[in-house]
Amino acid sequence: MFNLSLQQIGDALRAKKISSVELAQLYLDRINALNPKLNAYITLQPETTLAQAQAADVRLATGKADVLTGIPFAQKDIFCAKGWLTTCGSKMLHNFVSPYDAHVITQFNNAGAVNLGKTNMDEFAMGSSNETSHYGSVKNPWDTARVPGGSSGGTAAAVAARLCAAATGTDTGGSIRQPAALCGISGIKPTYGTVSRYGMIAFASSLDQAGPMARSAEDCALMLNVMTGFDERDSTSLQRDKEDYTRDLAKPLNGLRIGLPKEFFAEGLSDDVAQAVEAAIAEYKKLGATVVEISLPNTKLSIPVYYVLAPAEASSNLSRFDGVRYGYRAPDYTDLADMYEKSRAQGFGEEVKRRIMIGTYVLSHGYYDAYYLQAQKIRRLIAQDFTEAFKHCDVIMGPTSPSTAFKLGEKGDDPVQMYLSDIYTIAVNLAGLPGMSIPCGFGENNMPVGLQIIGNYFDEARMLNVAHKYQLATDWHSRAPQII
Amino acid sequence: MTWEIVIGLEVHTQLSTNTKIFSGASTAFGAEPNTQADAVSIALPGVLPVLNKGAVERAIKFGLAVGAHIAPRSVFARKNYFYPDLPKGYQISQFDLPVVGQGALTIQVEPLSGNAKPYEKIVRITRAHLEEDAGKSVHGSTQSMTGIDLNRAGTPLLEIVSEPDMSSAAEAVAYAKTLHSLVRWIGICDGNMQEGSFRCDVNVSVRRPGEPLGTRREIKNLNSFKFMQQAIDYEVQWQIDTLESGGKIQQATILFNPDTGETKSMRSKEDAHDYRYFPDPDLLPLDISEEWKEQVRATLPELPIDRKLRFMAQKDEEYRKQLRHDVTVAFNRVIYGLSEYDANLLVANKEVGDYLDACASIVGSSNAKLCANWILGEVSAQLNRDVLDMMQCPISAQQLGGMLMRIIDGTISNSGAKEVFRTMWTEGGEADAIIEAKGLKQVSDSGAIEKIVDDILAANAEKVAEYRSGKDKLFGFFVGAAMKASQGKANPAQLNDILKKKLTG
């Protein structure tokens with residue numbers, strides 16, 4: 001049951017082979033058994049879950065079920081969900097029960113999907129290892145001594161360990177793709193503006209984008225069909241016709257031009273990852289694709305640019321967490337300024353405070369031009385690199401992460417080392433392009449390796465096609481960690 | 001040695017939209033605290049701003065009304081600072097790319113001192129930008145605690161910034177009054193100063209003639225023209241005294257205390273915030289197409305400056321030549337040929353001029369002067385006495401026009417008209433009915449008047465002889481006596497004619 005695709009689960013539900021309530025209970029039991037080892041979930045509300053499953057069963061009985069009706073998903077704890085504790089991985093929101101639904105949650109609810117719980121994440125999505133969560137680090141199901149990646153680490157671990165049928169993530173600098181790679185699952189960050197950000201707690205507004213994380217590209221496509229669409233409540237949401245992301249899944253790959261950026265295969269990439277990615281490219285050639293070398297010359301600048309722009313936006317986005325209206329307020333304070341200082345000093349973790357400091361600094365009078373404006377200019381150059389590259393290829397491929405999952409605590413003391421693990425993913429966010437990671441083998445210590453697929457704007461259907469054909473030809477995506 | 005005063009204004013006008021600038025919450029004034037604070041107003045995690053088009057259209061309207069450049073692309077920026085009534089920790093405003101660029105406003109200045117004559121001045125407008133209002137901190141409502149009311153948070157504001165073109169309190173007040181009238185005139189702001197819909201910050205500095213600008217101090221949040229006047233007078237004197245006694249002016253933000261009539265420093269430049277402005281990534285740049293601008297232009301009423309021209313114009317062709325075609329839309333183009341003095345009074349607010357137009361449409365433009373006299377005379381006096389504004393005038397323009405028609409056609413005399421007017425004011429009703437009921441119709445039958453005159457002359461033979469021997473002043477005596485005999489109803493013009501003829505006769 002836990003290895004079935006979303007289509008298969010939906011078919012079983014619609015054929016009444018199993019009820020949504022039974023299915024949800026199976027998953028809740030499994031979560032009870034395994035989550036203590038993984039810490040993938042922050043919040044479970046079984047009554048809410050089962051009530052939703054009951055409603056889904058009613059809908060299934062009337063024959064008005066959609067593709068995802070009755071299927072149990074997990075939601076990253078960055079999405080506000082009515083009646084659910086919504087912490088964003090932070091002590092600051094330890095008591096925040098959302099009075100409203102994020103657009104993504106509404107879309108899943110309208111589809112009749114069931115919410116199993118809220119998954120763990122780096123605090124305010126700031127991190128690449130899930131170690132910055134106030135609710136404890138998440139363990140990688142392939143080796144619980146290792147990190148699952150971040151910031152959507154709880155989702156990645158939950159999907160890999162079959163603690164949900166599939167789940168949502170968000171990606172600001174690689175937060176869907178990197179944990180997907182490190183946990184051996186598939187995840188796609190769509191083109192910026194494709195999925196509404198309404199109700200998704202903001203980290204860096206111009207980079208944040210929600211997307212699906214699942215066991216296959218096909219599952220991702222079905223979820224994207226539900227998650228995307230124009231939303232007038234998000235001014236950056238794009239007004240486009242609704243599309244069916246499964247429409248091109250089966251297309252042959254003959255003539256597909258794959259661009260390999262030389263900067264992605266240079267110093268810093270570990271051998272085991274390089275080998276797995278090269279083997280995947282070889283497989284694509286067998287499927288009829290051709291390969292061209294391309295260049296993304298500003299790749300190296302993407303990290304410094306990102307660590308100016310993302311903290312700048314974050315420093316402002318996180319100002320609303322002041323202890324005045326909701327969330328954490330320090331128990332003792334002398335006056336207003338003291339209340340602000342203590343509430344924020346105690347409510348935010350180290351990494352969040354570091355980024356607020358950086359962001360405040362780069363926006364300050366006298367530094368704005370040198371940092372923020374300069375970074376914006378380079379951001380445009382980075383986007384131009386991709387525009388140039390896509391003149392020569394249909395998709396770009398390379399590693400998602402320079403290494404496989406590292407050990408818990410290994411990079412904790414060195415933020416720059418941690419930031420470098422996002423070297424291949426960050427430029428995609430800066431350009432607003434869609435990016436995906438799919439499993440393509442195993443490296444040293446038998447840890448999963450992710451293949452990154454970058455598409456042109458709005459080319460998600462082609463990327464999913466490219467990923468799906470590979471998954472038909474290989475079985476990396478259906479390997480499961482020992483823990484199950 | 002004399003001092004030159006330099007004044008510039010920043011005015012926050014609350015735009016009259018039903019909903020907030022970035023959410024659908026109501027902007028109505030006076031509701032229970034926090035009942036108009038939706039998820040966006042409270043700044044819940046994850047909520048996003050969506051721009052209210054109505055606020056943008058009001059900004060465009062203002063820009064067009066002051067002949068300003070409307071930016072085809074402007075940008076919303078975040079102004080970051082912490083305050084409990086600022087729920088997001090930043091205010092969404094516009095910084096280096098505002099929606100309205102340079103424009104100008106013509107003002108009529110009434111000097112306060114002595115015999116100086118009123119004069120006209122053009123004040124340049126630097127810019128106007130859209131932003132959201134903050135909430136309110138409510139002190140003292142709960143013991144030792146401060147309450148936060150977020151009903152006002154997110155109310156749309158247009159901040160209008162002038163050049164430092166004013167050189168006296170009188171000019172600053174005239175500018176503020178003209179602006180206040182204009183924003184109400186074009187329907188973008190209710191102008192209610194008690195409710196904070198129109199708030200003025202005044203930048204004041206002084207200098208010796210010919211020297212560079214002095215250091216300015218900013219008087220914040222003046223919400224009455226009287227206070228503005230007092231605050232500027234006090235501040236100017238304080239700055240002059242400080243400089244003349246060898247002191248220096250420090251840049252500062254100051255508050256005016258109406259109870260003491262003094263200004264007091266709130267914070268100095270050293271305490272100034274670093275607002276860390278940057279473009280708001282949650283909002284797209286605001287693009288205003290030519291087409292949108294033209295659609296808004298078509299909704300503009302006739303502007304005060306155009307209306308004044310029309311009220312004064314003597315000849316149609318000349319008036320048309322003078323019209324500013326960039327702001328002129330289809331409206332009633334009847335010209336009246338009034339004096340500049342009358343025209344200024346009649347365009348001081350829109351309702352008065354509307355009333356004149358409605359009245360003149362009944363009596364004809366050639367009788368517009370009569371309408372104007374009545375409006376600026378009896379109507380204004382009664383409104384003042386009853387503390388009413390034009391909108392609350394108990395006599396409609398149609399009623400007044402109906403009465404004026406009876407003056408014009410000779411049915412009633414001026415004094416009869418005054419009685420009709422008084423009755424209309426207190427009891428209502430149409431002129432004809434009142435004239436009938438009160439028997440105010442004047443006698444215009446020449447036979448009847450001749451008879452009265454003959455009787456008077458016969459009864460006063462001596463005086464007739466005196467008159468005929470050169471005592472012209474006695475004419476008034478005969479008029480009075482005849483009028484009395486007619487119970488005030490004789491048509492005065494006719495009576496004059498007949499009397500003259502018979503006395504000389």
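Two residues are in contact if their C-beta atoms, placed from the backbone, lie within 7 Å. By this criterion, 34 residues of chain A are in contact with 25 residues of chain B. This is a predicted model, in which local features need pLDDT of at least 70, side-chain atom pairs count only at pLDDT 80 or more, and totals for chains, interfaces and linings use all residues. Residues are numbered from 1 along each chain as its sequence is written, and chains are lettered from A in the order in which they are written.

| Class | Residues of chain B |
|---|---|
| nonpolar | 17 residues |
| polar | 3 residues |

Chain A has 15 helices and 11 strands, counted as DSSP runs (helices H or I, at least four residues; strands E, at least two) numbered from the N terminus. Its C-alpha trace spans about 65 × 55 × 45 Å along the principal axes of chain A. In chain A, 60% of the 484 residues are buried, that is, 20 or more other C-beta atoms lie within 10 Å of their own, placed from the backbone.

A nonpolar core is a set of buried Ala, Val, Leu, Ile, Met, Phe, Trp, Tyr and Cys residues joined through C-beta atoms within 7 Å. The largest one has 226 residues, and Phe73(A), Cys164(A), Ala172(B) and Val202(B) have the most contacts inside it. Helix α3 (residues 169-185) of chain B gives the largest share of this core, 11 residues.

Methods. A residue is buried if 20 or more other C-beta atoms lie within 10 Å of its own, exposed if 12 or fewer, and partly exposed in between; C-beta atoms are placed from the backbone. Ala, Val, Leu, Ile, Met, Phe, Trp, Tyr, Cys and Pro count as nonpolar, Asp, Glu, Lys and Arg as charged, and the others, Gly among them, as polar.
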